[in-house]
Amino acid sequence: MTTTANTTRPHTTRANTTATTGGAATVSAAERTGARTDEAAHVITGARERIDALDDRIIGLIQERMAVSAVIQDARISSGGRRVSLTREMQVLGHYRDALGRPGTALAMTMLELCRGRI
């Protein structure tokens with residue numbers, strides 16, 4: 001491990017320091033991730049990329065769910081029914097709560113809110 005010339009922090013590694021090139025500071029991977037080693041920074045960076053990809057898929061699935069919900073609402077309203085089925089919403093809330101615990105209920109509420117009235 002190489003140490004810097006910084007006398008106030010003699011054990012700081014190069015991965016945890018900010019280098020200046022041409023007046024602009026370059027932040028290391030470790031600093032960007034909050035990690036203390038380059039190895040941990042690499043793991044965190046890869047995991048964050050995976051999370052970003054998962055978030056994109058989740059958003060796409062929610063958008064697809066919104067479109068399907070609009071079809072259901074349109075059919076229900078066209079047949080003289082109400083836009084929202086509270087019984088069905090309670091089933092969805094229960095499903096999310098059972099799968100994810102109490103926070104799942106809040107997640108389901110948000111999703112249901114996104115899906116209501118989009119016709």
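1. A salt bridge here is a side-chain nitrogen of Lys or Arg within 4 Å of a carboxyl oxygen of Asp or Glu. The model is predicted. By this rule, the count comes to two salt bridges.

2. Take the pair E89 and R116. Their side chains meet in a salt bridge, at 2.8 Å from N to O. E89 lies in helix α3 (residues 86–100), while R116 is in the segment after α4 (102–115), so the pair ties together parts that are 27 residues apart in sequence. E89 counts as buried, because its relative accessibility is 11% and the cut-off for buried is under 20%. R116 counts as partly exposed, at 27% relative accessibility.

3. M66 sits in helix α2. M66 counts as buried, at 17% relative accessibility.

4. Next comes the pair R97 and D98. These two form a salt bridge, with the closest N and O atoms 3.6 Å apart. Is D98 buried or exposed? D98 is exposed, because its relative accessible area is 63% and exposed means over 50%. R97 counts as partly exposed, at 43% relative accessibility.

5. Now look at the surface charge. E49, D52, D55 and D56 gather there in a patch of negative charge. One of them, D52, has its place in helix α2 (residues 38–78). D52 counts as partly exposed, at 47% relative accessibility.

Key
Residues numbered from 1 in each chain as written. Predicted model: local features only at pLDDT ≥ 70, side-chain atom pairs only at ≥ 80, totals over all residues. Heavy atoms only, no water. Patch = residues over 30% accessible without salt bridge, like charges linked within 9 Å, V, L, I, M, F, W, Y side chains within 5 Å. Areas by Shrake-Rupley, 256 points an atom, 1.4 Å probe, with all protein chains shown as cover. Lys, Arg positive; Asp, Glu negative; His and termini not counted. Charge placed at Lys NZ, Arg CZ, Asp CG, Glu CD. Helix = DSSP H or I, 4+ residues; strand = E, 2+ residues; numbered from the N terminus. Buried < 20%, exposed > 50% of the residue type's maximum accessible area, 1.4 Å probe, protein only.
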